[in-house]
Amino acid sequence: MGSYTDVALIHEEVAVAPTFGSSLPVPNVQEIVKSDPLHVPERYLIKNQEDMPKGADHTCKLSSEIPTIDFSLLSRGHKEELTRLDLACKEWGFFQMVNHGVATEVLQGMKDAAAKFFELPVEEKNKVAMTSDDKQGYGHAYVVSEEQILDWSDLLFLIVYPPQYRKLKFWPTTPEEYKEAIEAYSIEVKRVGEELIRHISLIMGMEKDALLALHQELVQGVLVNYYPPCFMPDKVLGKSPHSDTSTITILMQEDNVTGLQIRKEGEWVPVKPIPNALVVNVGDVVEIWSNGKYKSIEHRAVTTESKARLSYATFLFPHDDVEVEPFDHMVESPGSLRMYKKVRYGDYLRQSLKRKMEGKAHTDAAKTAS
């Protein structure tokens, strides 16, 4: 039996761990596919012709122009790579990152354990199902009305850092190695993420540790998305278009299936996986801090007819009480407009969670009236 201190600590953790609002219950997509692979319920079908994806095998010239950043060069202080990071954040809000130092076995361990979890019977997965008052656990997010078109995906979302925010009742105990895989992967992504934020601090003209300090306490969540195959991949979306409310997001893709697309020059650009690379996108927090110099990228996920796909997104974001507004020195010149209002991060995050994912709706709502 645990000591009084252990019990007190548990109570303290429960008291301080934030909640992230509720999402309406909807069917498990994986189970829909299992029961009838040729049936796509009406609630998932896109009505607007312009939003219909061209499919995961769609090619686009811009795909080959997506920036690649060498993390090892950044870490060694190469000025040219820092300039490349600045351009990637400014012109794309997005890049693929190689030589990040996360061991291949750690990446693969996360993929293998997650794949086993999503292959479990639904009854087993539901042991860590989201509750009515929180978005941690297994289920679906951003479902706010009975009328909205649903995404063709299921998910598992967990807060991993700071440790006192963890709600272990939502951490799967099957497969046995999953907790350990999440821990090993998250420690490494935290290391990489903190170093990236230090370099974003530099390109924003500040001391290296200034941005991290402004977070008060860096919060880290991991989201595993499961996209089942779909009989009508051109009529559904795995994930609706959105930007991330984070500071930065670090994503691991499957090596052999393309599903992520980013919006660039009015076109949906497929992001072809680079084996063992991590994908990084600028989040809304950096967009606001930089007064729009670095924009959070709008992205979505498409499905395929023959293959399931998983993706692994890590969000790094500030403590709820942090006030986010454009830095004075990022408002380019005297008389320039402040593009965004001051927002309390916790309020900004929860407002975004109360609505369906719709492009850049969050940052648009934070803009000052011009």
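Which side chain meets that of Asp-255 in a salt bridge? In this predicted model, the partner is Lys-111, with an N to O distance of 3.6 Å. Asp-255 sits in the loop between strand E7 (248-252) and strand E8 (260-264), whereas Lys-111 belongs to helix H5 (residues 104-118), so the bridge ties together parts that are 144 residues apart in sequence. Asp-255 has 34% relative accessibility and counts as partly exposed. Lys-111, at 9%, counts as buried.

The overall fold sets the context. The chain contains 11 helices and 14 strands. Its radius of gyration is 20 Å, close to the 21 Å given by the globule rule for 370 residues, so the chain is as compact as a globular protein of that length. The C-alpha trace spans about 60 × 60 × 40 Å along its principal axes. Of the 370 residues, 57% are buried. Among contacts with a separation of 6 or more, 79% involve residues 24 or more positions apart. The accessible surface comes to about 16,500 Å². Carbon and sulfur atoms contribute 53% of that surface.

E8 pairs with two strands, E11 and E9. With strand E11 (residues 299-301), E8 runs antiparallel and is joined by 3 bridges. With strand E9 (residues 267-270), the pairing is again antiparallel, over 4 bridges. Ile-262 takes part in both pairings: this residue stands opposite His-299 in E11 and opposite Val-269 in E9. The hairpin of E8 and E9 has 2 residues between the strands. There, Glu-265 adopts a positive phi near 55°.

Charge pairing was examined next. Side chains of opposite charge can pair when their charged atoms come close. The structure holds 23 salt bridges, including the Asp-255 to Lys-111 pair. Another joins Glu-194 to Lys-190, with the closest N and O atoms 2.9 Å apart. Both residues lie in helix H7 (residues 178-203). They are 4 residues apart, so about one helical turn separates them. Glu-194 is buried, with a relative accessible area of 18%; the cut-off for burial is under 20%. Lys-190 has a relative accessible area of 24% and is partly exposed.

A further salt bridge brings together the side chains of Glu-325 and Lys-342, at 3.9 Å from N to O. This pair links distant parts of the chain, 17 residues apart. Both Glu-325 and Lys-342 lie in the loop between strand E13 (323-324) and strand E14 (343-344). Glu-325 is partly exposed, at 31% relative accessibility. Lys-342 is also partly exposed, with a relative accessible area of 46%. Salt bridges with shared partners also occur: Glu-195, Arg-198, Lys-208 and Asp-209 are joined into one network.

Glu-194 and Lys-190 are both placed in helix H7.

Methods
Residues are numbered from 1 along each chain as its sequence is written. This is a predicted model: local features need pLDDT of at least 70, side-chain atom pairs count only at pLDDT 80 or more; totals for chains, interfaces and linings use all residues. Side-chain values use heavy atoms; hydrogens and water are left out. A salt bridge is a side-chain nitrogen of Lys or Arg within 4 Å of a carboxyl oxygen of Asp or Glu. Buried means under 20% relative accessible area, exposed over 50%, partly exposed in between (1.4 Å probe, protein chains only). Two strands pair if DSSP finds at least two bridges between them. The radius of gyration is taken over C-alpha atoms; the globule rule is 2.2 Å times the number of residues to the power 0.38. Contact means heavy atoms within 4.5 Å. Accessible areas come from the Shrake-Rupley method with a 1.4 Å probe; for residues, only the protein chains shown count as cover.
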